[in-house]
Amino acid sequence: MSCILEEEGGRLKAVLTFKRERLLYDIGNYAYIEGSVMDTDSGHMRHMVQDVVEDGNVDRMTRVLDVAVAKCREALYPYTKHEIRRPVLDDRLREVPVYGISLSVPKGFSQTTLNLLEKLIHEYLVCECVADWMSITNAAKQQTWKEKAEEAISEARRSINTRMGVQRRRPHPF
């Protein structure tokens with residue numbers, strides 16, 4: 001993770017970066033472990049689970065990573081809100097070397113919270129991909145990884161929302 005901070009209109013812009021190769025390494029590592037502990041004598045079933053980042057299969061992980069990053073940005077709204085820059089989007093498969101999530105945070109936002117967010121988001125992205133792969137190769141384990149992903153993104157939301165501080169609401173007569 002590299003975190004770039006720059007001042008922007010009274011707020012700080014923080015960019016959390018996630019290297020594709022590190023994400024794929026962790027996805028492959030978890031899938032390898034899942035294949036190793038499978039309750040089967042079938043070597044074919046094991047290698048299907050373990051081959052998640054091999055040629056051809058990695059394209060699926062690229063699509064899932066793209067969706068997971070988009071979900072993460074949406075889950076952290078309003079910190080990730082951006083005006084529309086490219087009104088035309090396409091669904092071409094692109095292997096980006098680095099995924100970035102830009103956050104606009106108040107001055108005084110804690111570096112420790114950014115560090116925690118980076119780790120939770122990394123875990124979320126990896127678990128989302130493993131859950132998707134398990135849905136194809138070992139459906140019995142999909143729910144376990146889905147729950148891990150949901151736990152990570154929920155914790156990320158909680159950690160960022162608790163840093164907002166006290167909010168006062170003005171009373172309205174109507």
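The model is predicted: local features need pLDDT of at least 70, side-chain atom pairs count only at pLDDT 80 or more, and totals for chains, interfaces and linings use all residues. Residues are numbered from 1 along each chain as its sequence is written, and side-chain values use heavy atoms, with hydrogens and water left out.

**Cysteines**

- A search of the whole structure finds 0 disulfides, a disulfide being a pair of cysteine sulfur atoms within 2.5 Å.
- For Cys127, the closest cysteine sulfur belongs to Cys129 and lies 9.4 Å away, which is too far for a bond.
- Cys127 is buried at 0% relative accessibility; buried means under 20% relative accessible area, exposed over 50%, and partly exposed in between, with a 1.4 Å probe and protein chains only.
- Cys72 is also buried, its relative accessible area being 0%.

**Thr137 in helix H4**

- Thr137 belongs to helix H4 (residues 111-137); helices (H or I, at least four residues) and strands (E, at least two) are DSSP runs, numbered from the N terminus.
- With a relative accessible area of 12%, Thr137 is buried.
- Beyond its neighbours within four places in sequence, Thr137 is in contact with Met45, Met48 and Val49, where contact means heavy atoms within 4.5 Å.

**Helix H5**

- Helix H5 (residues 142-161) has 20 residues and should span 28 Å at 1.5 Å a residue, the expected span being 1.5 Å times one less than the number of residues.
- The end C-alpha atoms of H5 are 29 Å apart, which agrees with that expectation.
- Buried residues of H5 include Trp145, Ile153 and Ile160.
- The buried residues of H5 pack against helix H1 (20-36), helix H3 (57-75), strand E3 (98-106) and H4.
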